[in-house]
Amino acid sequence: MEAAWHHRRPYRRPGVALRARLDQVPAPVRQRAEQGNRRLHQRWTNLDARRKRSTVSAVVVARELSGWC
């Protein structure tokens, strides 16, 4: 549930520490993770456009995130 709130803000370029960790991961895994992050943010944006409450959006994104993991 806590992780879902991180997808509310736009996905930006990761910081130095996270980029160092991402450099150790194979490229296909890194690309798949970025696609998932962008998809979850887009899901949140679509729910905002439909005027859903932020708590409802968080639950929807959290359920999708748990299924994805």
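Helices here (H or I, at least four residues) and strands (E, at least two) are DSSP runs, numbered from the N terminus. This is a predicted model, in which local features need pLDDT of at least 70, side-chain atom pairs count only at pLDDT 80 or more, and totals for chains, interfaces and linings use all residues. Residues are numbered from 1 along each chain as its sequence is written, and side-chain values use heavy atoms, with hydrogens and water left out.

**Figure 1. Helix α1 and its residue R19.** Let us start with R19, which sits in helix α1 (residues 16–22). With a relative accessibility of 26%, R19 counts as partly exposed (buried means under 20% relative accessible area, exposed over 50%, and partly exposed in between, with a 1.4 Å probe and protein chains only). Not counting residues up to four places away in sequence, R19 touches R13 and P14; contact means heavy atoms within 4.5 Å.

**Figure 2. The whole chain, for orientation.** How many helices and strands does the protein chain have? There are three helices and zero strands, and reading along the sequence gives the pattern α-α-α. The C-alpha trace spans about 40 × 25 × 20 Å along its principal axes. Of the 69 residues in the protein chain, 19% are buried. Look also at how the chain meets itself: among contacts with a separation of 6 or more, 68% join residues 24 or more positions apart.

**Figure 3. Helix α2 from end to end.** Helix α2 has 23 residues and reaches 33 Å from its first C-alpha to its last. That is close to the 33 Å expected at 1.5 Å a residue, where the expected span is 1.5 Å times one less than the number of residues. Which residues of α2 are buried? They are G36, L40, H41, W44 and L47, and what covers the buried residues of α2 includes α3.

**Figure 4. Two residues of α2, R30 and H41.** Both R30 and H41 belong to helix α2. R30 is partly exposed, with a relative accessible area of 28%. Setting aside neighbours within four places in sequence, R30 is in contact with L22, D23 and V25. H41 is buried, with a relative accessible area of 17%. The contacts of H41, again leaving aside neighbours within four places in sequence, are H7, R8, R9 and P10.

**Figure 5. R51 in the loop between α2 and α3.** Just after α2 comes R51, placed in the loop between α2 and α3. Is R51 buried or exposed? R51 counts as exposed, at 77% relative accessibility. Its backbone is worth a look too: phi of R51 is near 60 degrees, a positive value in a residue other than glycine. For background, most residues other than glycine have a negative phi.

**Figure 6. Helices α2 and α3 packed together.** Helix α2 (residues 27–49) and helix α3 (residues 54–68) pack at an angle of about 155 degrees, with their axes 10 Å apart. Axes are lines fitted to C-alpha atoms, for helices over the stretch in contact, and angles run from 0 to 180 degrees between N-to-C directions. The two helices are therefore roughly antiparallel to each other (angles under 35 degrees count as roughly parallel, over 145 as roughly antiparallel, 65 to 115 as roughly perpendicular and the rest as oblique). On the α2 side, the contact is made by R32, A33, G36, R39, L40, R43, W44, L47 and D48. On the α3 side, S54, S57, A58, V60, V61, E64, L65 and W68 take part. The residues of this contact divide into nine nonpolar, three polar and five charged. In this grouping, Ala, Val, Leu, Ile, Met, Phe, Trp, Tyr, Cys and Pro count as nonpolar, Asp, Glu, Lys and Arg as charged, and the others, Gly among them, as polar.

**Figure 7. Two residues of α3, S57 and L65.** Helix α3 holds S57 and also L65. S57 counts as buried, at 0% relative accessibility. Which residues does S57 contact, leaving aside its neighbours within four places in sequence? They are W44, L47, D48 and K52. L65 counts as buried as well, at 14% relative accessibility. Beyond its neighbours within four places in sequence, L65 is in contact with A3, A4, H7 and L40. L65 and T55 are ten residues apart in sequence and 15 Å apart in space, C-alpha to C-alpha.
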